[in-house]
Amino acid sequence: TEIYTLSLHDALPIWSLDMLSTIITSTPIYVCSILSILLGLSLSVKWDRARFRLLLFMITATMFYIGHFAFYNRTESVVPITDTLYCFSYPAIFPLILIYIEALVLKEPNYKRGLLYLLPAFACGISAGLIYATMSNEEYADFIGYHYYFQNYNNLTGSAWWLVFIHRAFRIIIAVEIPLVLYFGWKYINEYNRMVENYYSNTEDKVVTFIKPLMIAFVATLTASFISNFLNRNYFTESIWLLAIPALLFSSIILLFGFVGLTQNIYTREIVEESAMTEEEEPEQEIIPLTPEKEHIMAAEIRKLMDEKHLFLQPNLKINDLANMLNTNRNYIYNAINRGIGLSFAEYINKKRIEYAVQLIDQDREILLTDVAHQSGFSSPSAFYRNFKLYMDCTPSDYQKRGASIAASTLSK
């Protein structure tokens with residue numbers, strides 16, 4: 001007697017598998033399409049250059065997943081259209097992430113450079129479209145039968161061979177794009193956040209925090225997809241569950257990307273323009289770099305001013321305010337704090353605020369922590385809790401309770 005073990009894949013009827021495949025492969029399309037509509041509606045209310053470029057990304061991602069849908073559901077009748085979209089959108093997705101980040105954190109993004117990023121994608125998409133439009137029925141049948149589903153490069157000639165060449169070319173392009181997008185995306189976001197921290201004391205509603213992990217997650221997921229596609233994309237058609245993992249993962253990451261883009265009220269262009277140093281804002285005299293000795297002297301003046309006037313208690317304190325009080329330019333203040341004290345402007349001010357908050361708690365163990373946050377100069381309780389944990393290595397409530405127990409034990413002795 002032979003014993004057969006059936007997987008769930010084998011146990012389901014064919015029509016159920018087809019329906020499940022359709023649902024799984026269409027989910028990213030619905031996610032990208034809905035986000036595109038929502039982004040378009042938000043832009044009609046208030047224009048934002050970064051959000052517009054996120055819209056372009058979502059539209060391109062929709063094209064990309066339409067190509068996936070056609071492949072995995074074997075809709076051969078529309079392959080000339082969907083594969084043309086795929087040849088353009090796949091190598092365009094990664095540059096569009098970088099274009100979005102540039103629009104988000106740079107004062108003046110280079111639009112010509114952005115078009116240059118997309119030039120290989122346009123070349124692949126247009127070339128594929130022209131080949132499909134001019135190839136014969138026999139060449140089309142050879143391409144579908146040998147390469148499109150089975151990655152077989154033998155016996156292909158003419159237009160079919162050139163289509164294979166384009167498919168190989170955009171994979172090489174993507175392999176070059178992935179590390180460049182990660183490097184420059186990370187670099188631009190870090191530079192922007194450092195600039196904000198060196199100009200504002202309260203940075204909570206100004207720094208870009210969620211884009212980096214989302215960018216890494218999305219690029220990592222697409223990289224895994226790229227590697228699997230490079231080896232054999234048809235492998236995923238053999239199991240509906242293997243197909244479900246990347247589809248649902250992509251959908252989740254893109255949904256988070258879109259949510260951040262829609263809900264983010266940080267208009268970074270205004271922040272960049274305000275915090276960027278301009279000649280009009282600085283004294284007319286030539287700015288001569290300070291010697292290390294003068295930097296330490298200025299750092300001592302800053303410490304004295306902070307201790308005497310408690311400037312750090314001002315919630316909206318900026319580095320310009322400090323420069324005006326010391327009758328100097330903010331470039332000197334920036335260098336004195338960064339090199340003389342060893343912290344960014346925001347780090348220095350927030351550290352002073354936490355020292356003051358600790359004094360308030362020590363003076364009154366029953367004080368409300370929300371009052372402590374407000375009196376210490378923080379713009380929100382969340383900023384207070386985060387910085388307290390950073391500089392005291394415990395939460396404000398833990399410090400309050402621990403301090404109270406210590407005081408009680410001391411009194412009982």
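Visitor: What does the secondary structure of the protein come to?

Guide: It comes to 17 helices and zero strands. Keep in mind that this is a predicted model.

Visitor: And how much of the protein do buried residues make up?

Guide: Of the 413 residues in the protein, 47% are buried.

Visitor: What share of the contacts with a separation of 6 or more comes from residues 24 or more positions apart?

Guide: That share is 74%.

Visitor: Let's look at H11. How far apart are its end C-alpha atoms?

Guide: They are 26 Å apart. H11 covers residues 292-309, and at 1.5 Å a residue its 18 residues should span 26 Å, so the two values agree.

Visitor: Which residues of H11 are buried?

Guide: Those are Glu295, Met298, Ala299, Ile302, Leu305 and Met306. They sit on the same side of H11, because the arc they cover around the axis is only 120°.

Visitor: What covers those buried residues of H11?

Guide: The cover includes three helices: H12 (319-325), H13 (330-341) and H14 (345-363).

Visitor: Which exposed residues are on the face turned away from the buried side of H11?

Guide: You'll find Glu293, Ile297, Lys304 and Glu308 there.

Visitor: How far is Ala300 from Gly340?

Guide: Their C-alpha atoms are 8.5 Å apart in space, while in sequence Ala300 and Gly340 are 40 residues apart.

Visitor: Which residue just after H11 takes a positive phi?

Guide: That's His310, with a phi of about 50°.

Visitor: New topic: H4 and H6. At what angle do they pack?

Guide: The angle is about 55°, and the axes of H4 (residues 79-105) and H6 (residues 137-148) are 13 Å apart. H4 and H6 are therefore oblique to each other.

Visitor: Is the crossing of H4 and H6 left-handed or right-handed?

Guide: The crossing is left-handed. On the H4 side the contact is made by Val79, Pro80 and Asp83, and on the H6 side by Tyr140, Phe143, Ile144 and Tyr148.

Visitor: Staying with H4, is Thr82 buried or exposed?

Guide: Thr82 is in H4, and it counts as buried because its relative accessible area is 7%, with the cut-off for buried being under 20%.

Visitor: What does Thr82 touch?

Guide: Leaving out residues up to four places away in sequence, Thr82 touches Ile66, Gly67 and Ala70.

Visitor: And Tyr90, buried or exposed?

Guide: Buried: Tyr90, also found in H4, has a relative accessible area of 1%. Tyr90 and Gly67 are 23 residues apart in sequence, and 9.3 Å separates their C-alpha atoms in space.

Visitor: Last pair. How do H5 and H7 cross?

Guide: H5 (residues 111-134) and H7 (residues 158-197) cross at roughly 165°, and their axes come within 10 Å. That angle is over 145 degrees, which makes H5 roughly antiparallel to H7.

Visitor: Which residues make the contact between H5 and H7?

Guide: From H5 they include Arg113, Tyr117, Pro120 and Cys124. Among those of H7 are Ser159, Trp162, Leu163 and Ile166.

Visitor: Left-handed or right-handed for H5 passing H7?

Guide: Left-handed.

How values were computed: Residues numbered from 1 in each chain as written. Predicted model: local features only at pLDDT ≥ 70, side-chain atom pairs only at ≥ 80, totals over all residues. Heavy atoms only, no water. Helix = DSSP H or I, 4+ residues; strand = E, 2+ residues; numbered from the N terminus. Expected span 1.5 Å × (residues − 1). Buried < 20%, exposed > 50% of the residue type's maximum accessible area, 1.4 Å probe, protein only. Arc of directions from axis to C-beta. Contact = heavy atoms within 4.5 Å. Axes fitted to C-alpha atoms, helices over the stretch in contact; angles between N-to-C directions. Parallel < 35°, antiparallel > 145°, perpendicular 65-115°, else oblique. Left-handed = near helix turned anticlockwise from the far one by under 90°.
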